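Take a walk through this model with the coordinates open beside you.

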Amino acid sequence: MNADKGFRGIRTVESEPYQLPGAVTDILLQGGRFLNAVATDERHRKDVVAFVLRYFFATECGATASSAYTAVSARIPAERPSYASVTSILPAAAWAERESHDLFGLVPVGHPDLRPLVLHEHWPQGVYPLRKDYPLERRQTYVDASWTYPKVDGEGVFEVPVGPIHAGIIEPGHFRFQVMGDSVLHLEPKLFYTHRGLEKRVEGLDVSSGLPFAEQVCGVCSVSHAISYATAAESLSGVTIPIRASYLRVLVAELERLYNHVGDLGNICAGIGYAYGSTAGSALKEQLLRANAALTGHRYLKGSVALGGMAVDVTERQLLELERALSRIEPRVEDLVQAVVTDDVVQNRFRKTGVLSVQNALNLGVVGPAARASGLPLDVRRDQPYLAYDALQFEVPVQAEGDVFARYWQRLLEARQSFSLIRQVLNRLPEGPVKEPIEDYPKESYAVGVTESPRGENFHFLATDEAGRIARYHVRSATYANWPAVAKAVQGNIVPDFPLINKSFELCYACCDR
Amino acid sequence: MMTAFVNVLQVLLLLVFAPALQGVIKKCKSWLQGRTGPSVWQPYRDAWKYLHKDEIVSEHASPIFLITPYIVFAATATAVTLVPVFLDSSLLASTSTLLLAVYLLGLARFFTALSGIDTGSSFGAMASSRDMFVSLPAEPALFLTLLALVLSDHTLNIVTVTAHTILHPGILLSPVFYLVLLAFFLVLLTETGRLPVDNPDTHLELTMIHEGMLLEYSGKRLALMMWSAELKQIFLYTLFIDLCVPWGMADDRATPLRLLLGVALFFIKLLFVGLVVAFVEMSYAKIRLFRVPRLLAAAMTLSLIAIVAQYLL
């Protein structure tokens, strides 16, 4: 095992496939926080000739983005693609290891649950679509097999299958409840119905044409994904974006957080049929969306970020309009939340419902508002600052309860910070260009881009091939990290509270699947 | 002869306007939420749509599933013939006892719950078990409330009680009356599947009570089940009006003009009850399932206090 430093600012620790648990333990003991594990197929590279599995950790709190990360990297030999799983010491890595098992055929020896995650049971065994020798267009035949999942036995225990198609217009996801009366003993979610093959699709494209794909990863966190991708690309090329662009990115990122959080403040009320809350919330969200459209030309802020800076610039007049709109909306958000939280039915339904303990949040690697509402003081914006966050004043609110109420209240606490951040940007937006041209990208290199989206940390991994094109692109959205926590938080609650608990996490399905 | 004709008219009126009441409440709720909302005639369009759709019946369903809509509709429609609407008599005035009304609704509820379990769908079974859980305290609460209202009349006949109340507007001054009014209203919300007990507008299958039991129905049978639910609602509102605010009803010597005034007054009262319901639904969220018995216990307590008070005051 040796440590070399400074690969695009990422400290790399090399490890043998079967020494991974030890190497990972070392990093964890140094206070590293697990982000994600990314597999790459580098068998065709003469200097590698193997699969490479990299475990990424955030190691240096308060450091700048470029030197804050550590990768534990292992070459997994092509002829015997197996390694020692770290899931038993790092439960947060469970899904990442299952995913690389599905898509690359890398076997994590000692993994407690190696059922298919991404590809479901109808995909033929032994076919690994993200390997380089698998052509993009190849179709697979349907395999007739049944899904296996943990079952609970006993008198009075019933199984309630829900979805993947629901009565409301929402994304597909299947949930198996093992219930006793109305109490949930175990919830087994089956997601990954919306695989679009984005990661495979961008392989071989120019780095510059990957951005639209990154924006489509998620419909409601598209700015955060775009900035993650752009950060990775810029860190690859070594370009520093203009200072005005870094402030403008903060502006759009916070506007995105704002419309999501305000929308959630209303939408969580729909989980208990509280019409006042959900209607008032969606009305406020609509006003924010219109403000977004007035500023960037897109209600969901798409197309505003470009590689090397921003694709749109703003005028003084637009900023004034935005400021006016926000000062109209902010007191109404406070009013809405005051009215909602003083309702005794809301108190009764929200409090002590869907509790996620700090220990579970830590073990599962939960991120974002859900983690902070459970007592984990995490925020990429503060811990590994990027863009102009270093120069701006904001707090990272943390609560201890971890119930639906805490997650609801968390949205308000964070929305207040976003309002304040936006004001600061509006007051001191520097003049200058908004885009720095990027000439070319280095060959056979990689970089990561990590940002704090409304749902938590979005992690993008971008590697280039021998021609400087995209060799591997991987996205771990905040949702991906948080889904296992929903199943945990539901345990012991009653079935009719599930929609409420689910809404309090407000996770997407598609960005988890890509 | 004239009275018999008007009595038939009364039943027809409730049958025809039951969906409209549902539409009106929906419209009021939409307005309160600042939305335009569907037209008040939407329930008729829905019914028309269901009647022209194919029906899909689960292969696991037994004949109970198939006959339930007819039983439920028949029971509810029979209940409707018991109550005076705008004339102080009813089609089945001689058998019009509160006991019969309560048990006709009970019969409908029993079969609805059976049909929910019948197809083996987990949502239906969950909804049925919740409905039974709610009805366990709801039925005695309804009965106690009705008892508190009719105690002083020494009869259970709805028509007699209504006529008696019309002659004695003095009860408006009694505090007992308002206790019962409140209790009756709580029971009304529960029995018609309204917030804070059940959310009639939700698409969240996991939280449904009444709607959950209907999930497996489609086509004509769904139309019939929906109509029955709307009929039950208008029946309970009418009963509420009869027992609590019957003034303005026409009697059998009334002129056609007086009858029309009775109809108008009935609609105004109905609209008012609907408005109050819409307002309550707007301002409340759904309470936790296990809290529903407490709500009904409150209704029962109010009724009990009312009964005791009638002996003391």
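Does A:Glu506 count as buried or exposed? A:Glu506 is buried, because 22 C-beta neighbours lie inside 10 Å. The cut-offs are these: a residue is buried if 20 or more other C-beta atoms lie within 10 Å of its own, exposed if 12 or fewer, and partly exposed in between, with C-beta atoms placed from the backbone. A:Glu506 sits in the loop between helix 15 and helix 16 (510-513) of chain A. Its phi is positive, near 50 degrees, although the residue is not glycine.

This is a predicted model, in which local features need pLDDT of at least 70, side-chain atom pairs count only at pLDDT 80 or more, and totals for chains, interfaces and linings use all residues. Residues are numbered from 1 along each chain as its sequence is written, while chains are lettered from A and ligands numbered from 1 in the order in which they are written.

Confidence comes next. The mean pLDDT of chain A (the predictor's confidence in each residue, from 0 to 100) is 89, and 97% of the residues score at least 70. Helix 13 (residues 404-427) of chain A has the highest confidence, at 94, and strand 1 (residues 3-7) of chain A the lowest, at a mean of 40. Over residues 1-6 of chain A, pLDDT stays under 50. Where pLDDT is low, the predicted coordinates should not be read in detail.

Now the overall form. Chain A has 16 helices and 15 strands; helices (H or I, at least four residues) and strands (E, at least two) are DSSP runs, numbered from the N terminus. Its C-alpha trace spans about 70 × 65 × 45 Å along the principal axes. Of its 514 residues, 53% count as buried.

Chain A divides into domain 1 (1-135) and domain 2 (207-484), with bounds from an automatic or database domain assignment. Their centres, taken over C-alpha atoms, are 27 Å apart. Contact means that the C-beta atoms of two residues, placed from the backbone, lie within 7 Å.

Leaving aside neighbours within four places in sequence, A:Val250 contacts several residues, including A:Leu387, A:Leu392 and A:Val425.

A:Leu387 deserves a stop. It lies in the loop between helix 12 (380-383) and helix 13 of chain A. A:Leu387 is not a glycine, yet it has a positive phi of about 50 degrees. It is buried, with 22 other C-beta atoms within 10 Å.

Finally, the partner chain. The contact takes 23 residues from chain A and 21 residues from chain B. On the chain A side, strand 8 (157-162), helix 7 (275-296), helix 9 (344-350) and helix 15 (498-505) of chain A give two or more residues. In chain B, a cis peptide bond joins B:Leu195 and B:Pro196, with omega about 5 degrees. B:Pro196 is in the loop between helix 7 (175-191) and helix 8 (210-213) of chain B.
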